[in-house]
Amino acid sequence: MLIEVLGPMHVFHDGTEIEIPGAKPRTIIASLALHPGEVISAADLLDELWGANPPRSAGNSLQGHVARLRRSLAQQTNRAQARDVLRTFGSGYLLDIDADSVDALRFTRIVQEVGSRTIHEDPKHAIDRLTEALRMWRGPALADTGQGISCQTACAHLNEIRLMARDLQIEAQLALGLHREVVPQLEQLLTRHPLRERFCEQLMLALYRSGRQADAINVYYRVRERLSQELGLEPGPGMRNRLTEILQQEPSLILAGH
């Protein structure tokens, strides 16, 4: 079984999509898929589906949604397999699948495996792996599940890892001397995430290496003003150090051989 949540939810078995109708059933299977092999209590699922004020019939409704999910799974497997995959444990439920069967968990694993060490040792490999990971995204994570706290927390976490992946990908490109190529990418990212200082640092470096020192300095002051106006904060040490290095034209900013 393959479950995709990096965009609208899709569930596949042997390459055939299994239709999961309704936001609540999709929320149930998404909640379980993000924690494969772990028992999620009925109380937690009730909270995810209805929040702090569930109806009196919520417990029966939850059981009904799980039964319908099993019927949907059984259409492409069989009833016994459906029960083996979506299992009941006491007052909770468990989805018995491998973590790599869930695109969000596979994506997270790849990003964590790459890390900064791989970038320095083999930037080309890092770019390839991160590109593979980022291609899994088809839209906003958990786009058609409910608005419960667990799904919303998972969505925020996945979005942060996605930005981390872009950060690492650009770092690897900079390590290969692709500073001119990453300038438009970083300008777009900084437009979307104007308070993300890491993208500012990378753009300053890419512009400086492209012979655009004045533009690099202007980026610093533009982001600094935005941070001050929206958060009442000054730039962190990363941005400040990058500005000092550029003003002093530190030789360490220039990539060896370029």
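1. Aromatic pairs. This predicted model holds two aromatic pairs. In one of them, the ring centres of Phe107 and Trp137 are 5.6 Å apart and the planes stand at 80°, so the pair counts as edge-to-face, the cut-off for that label being over 60 degrees. The pair joins distant parts of the chain: Phe107 belongs to helix H5 (residues 103–121), while Trp137 sits in the loop between H6 and H7, 30 residues apart. Phe107 and Trp137 are both buried.

2. The tyrosine pair. Tyr220 and Tyr221 also form an edge-to-face pair, with 5.0 Å from centre to centre and 90° between the planes. Buried means under 20% relative accessible area. Tyr220, at 5% relative accessibility, therefore counts as buried, whereas Tyr221, at 40%, counts as partly exposed.

3. Helix H3. This helix covers residues 58–74, which is 17 residues. At 1.5 Å a residue it should span 24 Å, and the end C-alpha atoms are 24 Å apart, so the two values agree. Among the buried residues of H3 are Leu62, His65, Val66, Leu69, Arg70 and Leu73. As a general point, an α-helix has 3.6 residues a turn, so residues three or four places apart point the same way.

4. Ser72. This residue lies in helix H3 and is buried, with a relative accessible area of 9%. Leaving aside residues up to four places away in sequence, Ser72 touches Ile18, Glu19, Ile20 and Pro21.

5. Positive phi values. Most residues other than glycine have a negative phi, so exceptions deserve a check. Leu142 has a phi near 55° and lies in the loop between helix H6 (123–134) and H7. Gln249 has a phi near 50° and lies in the segment after helix H11 (237–247).

6. The largest pocket. Its volume is about 230 Å³. Which elements give two or more residues to the lining? They are helix H7 (149–175) and helix H8 (179–192). The lining residues include Asn159, Arg162, Arg166, Gln185, Gln188 and Arg192. Leu134, Leu163, Leu189 and His193 also belong to the lining. By type, the lining divides into three nonpolar, four polar and three charged residues.

Definitions and conventions. Residues are numbered from 1 along each chain as its sequence is written. This is a predicted model: local features need pLDDT of at least 70, side-chain atom pairs count only at pLDDT 80 or more; totals for chains, interfaces and linings use all residues. Side-chain values use heavy atoms; hydrogens and water are left out. On a 1 Å grid over the protein atoms alone, a cavity is a set of points where a 1.4 Å probe fits but cannot get out, and a pocket is an open set with protein on both sides within 12 Å along at least five of seven lines; lining residues have an atom within 4 Å of a point. Grid points are joined across faces, edges and corners, and a volume is the space filled by probe spheres set on the points. Helices (H or I, at least four residues) and strands (E, at least two) are DSSP runs, numbered from the N terminus. Ala, Val, Leu, Ile, Met, Phe, Trp, Tyr, Cys and Pro count as nonpolar, Asp, Glu, Lys and Arg as charged, and the others, Gly among them, as polar. The expected span of a helix is 1.5 Å times one less than its number of residues. Buried means under 20% relative accessible area, exposed over 50%, partly exposed in between (1.4 Å probe, protein chains only). Contact means heavy atoms within 4.5 Å. Rings of Phe, Tyr and Trp (its six-membered ring) pair if their centres lie within 6.5 Å; planes under 30 degrees apart count as stacked, over 60 as edge-to-face and the rest as tilted.
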